[in-house]
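Welcome! Please take a look at the sequence and the structure below, then try the exercises.

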Amino acid sequence: MGDLGRLGSQNSPEKRTSESRASEGLHLQAVEGLWGEALCEKHREPLKVFCWEDRDLMCLVCDKSKKHRAHLVLPAEEAAQEYRKEIQIKLQNLKLGRKAIEGSKQTQEKQTAAYLEDIKAQRRKIVQAFQELRSFLEEQECVLLARLSDLEKQEDESSTRLSNNISLLSDLICDLEKHCQRPAGEFLQVDVGLLLF
């Protein structure tokens, strides 16, 4: 163990009794040793092993205690490797999950883009259809209004003709009535055929 062994013997439990009493109120899991190595708070020994059941680092003295005697205890480095393996498996699963989600996202984005293009195409078709319908309706409106105007004009012309005919007939009736009132000599001097057309 070299320097660490000598350090462990210098920091034996007997020599640290007063120090342990001074630090009883502390709730730290471990304290730093001279070389920056984590030490057991209770025994001031390096934390070399890992209790798999309690998921806790501990020193070799704690390892021999009744509390941990029946537990699976591994060297800290070996336990770290086991944990790293577990984490790597979980990381791999997470990466696969992320990749699957990214694939789904890309597929969904493509589908969304295609769907949006369809919507745009449908919008263009609807706009064009209604523009054509508006144009057709405007043309039909113009045609129908022109026809109505022609009908109104024809009605006005027909009404004017009828009024003129009535006026002519009224004049003719009046003339005939006056002529009938004349004495026989005057009456017969006029060509009756002309009066009767």
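This is a predicted model: local features need pLDDT of at least 70, side-chain atom pairs count only at pLDDT 80 or more; totals for chains, interfaces and linings use all residues.

Residues are numbered from 1 along each chain as its sequence is written, and side-chain values use heavy atoms, with hydrogens and water left out.

**Exercise 1.** Find the aromatic pair and describe its geometry.

Solution. Step one: rings of Phe, Tyr and Trp (its six-membered ring) pair if their centres lie within 6.5 Å; planes under 30 degrees apart count as stacked, over 60 as edge-to-face and the rest as tilted. Step two: the structure holds one such pair. Its members are Phe 50 and Tyr 83, with 5.4 Å from centre to centre and 80° between the planes, which is edge-to-face. Step three: Phe 50 sits in strand E3 (residues 49-51) and Tyr 83 in helix H5, 33 residues apart, linking distant parts of the chain. Helices (H or I, at least four residues) and strands (E, at least two) are DSSP runs, numbered from the N terminus.

**Exercise 2.** Is Phe 50 buried or exposed?

Solution. Buried means under 20% relative accessible area, exposed over 50%, partly exposed in between (1.4 Å probe, protein chains only). Phe 50 is buried because its relative accessible area is 9%. Tyr 83, at 25%, counts as partly exposed.

**Exercise 3.** Which residues does Cys 59 contact, leaving aside neighbours within four places in sequence?

Solution. Contact means heavy atoms within 4.5 Å. The partners of Cys 59 are Cys 40, His 43, Glu 45, Pro 46, Leu 47, Lys 48 and Val 49.
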